[in-house]
Amino acid sequence: MTTTPDFPLLDIGRWRDGTGDQRYRFACELDVGLRQSGFLLVGGHGISPQLRADIRASAGRFFRLPRAAKARYTTQVGGRGWIPVGGEANAYYGEVADTSRADLKESLTFGRTFATGDPELDDHWFAPNVWPGECPELKAMCERFTAEVRALYDDLLRVCAVAFGLPEPWFADRVQAGPHSLNINRYLPRAETGAPRDHQYRVAPHTDWGVLTVLDRQPGYGGLQVQTRDGHWMDAPYEPDALTVNVGDLLARWTGDRWRSTRHRVLPPPAEAPDEELISLIVFLESDLDAVVEPLVAGTAYPPVMARNYLLERASAATVS
């Protein structure tokens with residue numbers, strides 16, 4: 001699908017290898033996309049397509065295990081391990097998630113290996129990962145993938161700072177001790193789910209909660225859609241090997257909504273392709289947990305919020321008991 005100025009394809013190599021003027025022009029292009037749609041496609045990132053394919057293959061073997069075998073790794077939203085079908089119900093902030101229409105997906109979720117030195121923070125936000133013993137190769141691959149995504153995250157935040165008129169390290173300095181989570185989402189085929197309920201999705205309409213999200217996705221009939229400013233839904237552009245990047249709520253708050261944390265969804269399992277099964281690799285990247293996030297521009301309505309309190313509130317709202 002052809003990209004648009006509202007949803008541009010940007011080659012991060014232009015920033016990494018560019019001069020001062022070239023970097024500034026790149027930052028201006030990023031600014032346009034984040035103002036209009038809150039989404040970008042990022043190419044030139046250097047993250048191996050074979051690595052991503054291998055993670056999908058390994059996770060796919062886990063997802064094909066009997067439910068009883070997977071159940072040993074069960075966790076809830078924000079935890080470490082396996083979130084079963086019916087375990088998560090997303091909703092837009094301020095709306096109540098309909099748990100009777102839980103998301104039609106299952107997930108493996110892993111977090112950052114890090115320690116702040118604060119036992120209370122570390123026990124919750126940096127708890128040990130629970131790696132499935134049936135897929136021993138998954139750990140090393142996921143750790144490599146998230147390390148490379150965090151390097152891209154650092155670059156993107158430096159671009160964001162320049163685009164916003166801040167010193168280049170401003171955002172990057174405020175995420176060094178922050179968590180991240182890698183979700184490997186399996187979007188179930190209609191042959192397995194049956195016909196979805198009205199207004200039931202693979203992932204319900206929602207915004208992401210943190211700073212930036214980096215997504216490696218597969219195209220399909222039941223794929224990603226983004227809500228436009230006029231309330232319509234558009235299929236997200238797709239380019240092979242490009243990663244999809246979008247703004248989360250905390251970054252939108254910092255920028256006073258200059259950059260949009262945009263509502264998006266993953267469509268229901270499609271009748272047109274009843275055997276379609278997609279696997280997405282999603283890294284949700286957060287700020288330091290004690291960061292107080294408040295608008296950097298005057299005249300916006302957001303009150304200050306501590307990052308960890310906001311993230312906990314959103315995770316609790318998405319969890320199906």
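**Salt bridges and a sheet**

Glu137 is partly exposed, with a relative accessible area of 30% (buried means under 20%, exposed over 50%, and partly exposed in between, using a 1.4 Å probe and protein chains only). This is a predicted model, in which local features need pLDDT of at least 70 and side-chain atom pairs pLDDT 80 or more, while totals for chains, interfaces and linings use all residues. Residues are numbered from 1 along each chain as its sequence is written, and side-chain values use heavy atoms, leaving out hydrogens and water.

The side chain of Glu137 meets that of Arg61 in a salt bridge, with N and O 2.7 Å apart (the rule asks for a side-chain nitrogen of Lys or Arg within 4 Å of a carboxyl oxygen of Asp or Glu). Arg61 belongs to helix H3, whereas Glu137 sits in the loop between helix H5 (119-125) and helix H6 (138-164), so the pair ties together parts that are 76 residues apart in sequence (helices, H or I of at least four residues, and strands, E of at least two, are DSSP runs numbered from the N terminus). Arg61, at 42% relative accessibility, counts as partly exposed.

The count by this rule comes to 23 salt bridges. In one of them, Arg14 and Glu29 bring their closest N and O atoms to 2.9 Å, and this pair links helix H1 (residues 13-16) with helix H2 across 15 residues. Arg14, at 35% relative accessibility, is partly exposed, and Glu29, at 32%, is partly exposed too.

Arg314 and Asp249 also meet in a salt bridge, at 2.5 Å from N to O, and they join helix H9 (residues 307-318) to helix H8 (residues 249-254), 65 residues apart. Here Arg314 is buried, with a relative accessible area of 5%, and Asp249, at 8%, counts as buried as well. Elsewhere, salt bridges link Lys70, Glu106, Arg186, Glu192 and Glu277 in a network.

We turn now to the strands. Eight of them form an open sheet with mixed pairing, in the order E1-E2-E10-E7-E12-E5-E4-E3 (two strands pair if DSSP finds at least two bridges between them). Its edges are strand E1 (9-11) and strand E3 (81-83), each of which pairs on one side only. Further in, strand E4 (residues 105-111) and strand E5 (residues 180-187) run antiparallel and are joined by seven bridges, with Lys105 standing opposite Tyr187 in E5.
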